[in-house]
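User: I would like to learn how to read a few local features of a model. Please take them one at a time.

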Amino acid sequence: MSEDFPLELPLSRERACDLIRCSEAELPRLLAAALAAKQRFKADEITYSRKVFIPLTNLCRDYCGYCTFRRDPGQPGAHTMTPDEVLEVVRAGEKLGCTEALFSLGDKPELAFPEMRATLQKLGYKSTLHYLEAMCERVLRETSLLPHPNPGLLSAEWIARLAAVSPSMGLMLETTNTSLLATGAAHDKAPDKVPSKRLRTIAEAGKQNVPFTTGLLIGIGETPEDRVDALLAIRDLHNRYGHIQEVIIQNFRAKPEIPMRNWPEPSRDEMLRTIAVARLLMPEVNLQAPPNLSAPYYEDFLDAGINDWGGVSPLTPDFINPEKPWPHLEQLRTRTEAKGCTLRQRLPVYPEFVPAVVARPGLLSEKVRAAADSQGCARRAA
Ligand code: SF4
């Protein structure tokens, strides 16, 4: 790494590729530059969203090599939640001060499984997305929580439909490396993980001004340069549409039951380098890393420039990584404060995007207005 700190921001690709491979000796200067950029963006405040996790269905037509969430019909644990089950979890979360109902689900399972088609028919819906839309609407109408759906690839029509019943939504880009689609790689047998299709969904959300969460999954076979390219692809879309409310840097974790069980996990320092470079590439975008996937050292990510812990549940386990429980909220607060920051509860839609959502007429606007305080954070913060 050359010695020209302070850095010129935003970073070029060449400089970012240089930094993401920096030596251990150079890492402290990279972190200091990233932390300074974060402080200029949002000084001393770290946010999180108090949420319940709704695994609407864990059937999925894709087979990602790292996934513990998905099931085939008939496999132990395969389940599609009923409307009553959804509402029961959401109401329990309401009592615990939650403000987000995070819907996570497999991508288009009815295209692969007649069992899912039969389930949907019994429930009275044409597709999983129709069912998701109806559940988001019920949560919005009947509770104080705000839905945030993560349903996989979406057409322009479905982005518009879901945006009418949820203030924000998400799709992880994960990577732009197409070689991960090759036989035996992480995205072999995962037709919905084609990077160009995911970028198209994110761009379409931008065209419709939908506040959008995306991010990288690191350690699944990509190179550090691939991480820079994925971050640049996100930055380009954000520069064009201004709709990226949050970028997540998530680390792969090996588990005994997955095809990639023997794959090496990314190290703490790889996470720190990736987070720091993400911050320097996008100095004014919210940056998040999930604390439960990096215990016991997750607070170190604050030194690399994150400003958010993502969704943290006081109630439901992380169904994507069920063996990694979320830290207790008090512990999260203590560790955040030990780094000189205050912890603040936000809504699933970030404060800077709240004004645009409440400007639209209708139920969604009313519900977001009721949930937000004067600064766009959670009014019911506990
Ligand atoms: S990561 Fe998502 S798309 Fe891939 S198999 Fe799991 S649920 Fe399906």
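This is a predicted model: local features need pLDDT of at least 70, side-chain atom pairs count only at pLDDT 80 or more; totals for chains, interfaces and linings use all residues.

User: What span should helix H8 have, and what are its end C-alpha atoms apart?

Analyst: Helices (H or I, at least four residues) and strands (E, at least two) are DSSP runs, numbered from the N terminus. The expected span of a helix is 1.5 Å times one less than its number of residues. Helix H8 covers residues 224–241, so its 18 residues should span 26 Å, and the end C-alpha atoms are 26 Å apart, in agreement. After H8 comes Gly 242, with a positive phi near 70°.

User: Which residues of H8 are buried, and what covers them?

Analyst: Buried means under 20% relative accessible area, exposed over 50%, and partly exposed in between (1.4 Å probe, protein chains only). The buried residues of H8 include Pro 224, Asp 226, Arg 227, Leu 231, Ile 234 and His 238. Their cover includes helices H1 (13–20), H7 (195–207) and H9 (268–281), together with strands S5 (212–218) and S6 (244–251); contact here is heavy atoms within 4.5 Å.

User: Which residues surround the ligand?

Analyst: A residue is near a molecule if one of its heavy atoms lies within 4 Å of it. The ligand has Cys 60, Asp 62, Cys 64, Cys 67, Phe 69, Arg 70 and Lys 193 around it. By class, this shell holds four nonpolar, no polar and three charged residues. Ala, Val, Leu, Ile, Met, Phe, Trp, Tyr, Cys and Pro count as nonpolar, Asp, Glu, Lys and Arg as charged, and the others, Gly among them, as polar.

User: Where is a positive phi found in a residue other than glycine?

Analyst: Asp 44 has a phi near 60° and sits in the loop between helix H2 (27–41) and strand S1 (45–57). Its relative accessibility is 37%, so Asp 44 counts as partly exposed. Glu 174 has a positive phi of about 70° and lies in the loop between strand S4 (169–170) and H7. Glu 174 is buried because its relative accessible area is 8%.

Notes: Residues are numbered from 1 along each chain as its sequence is written. Side-chain values use heavy atoms; hydrogens and water are left out.
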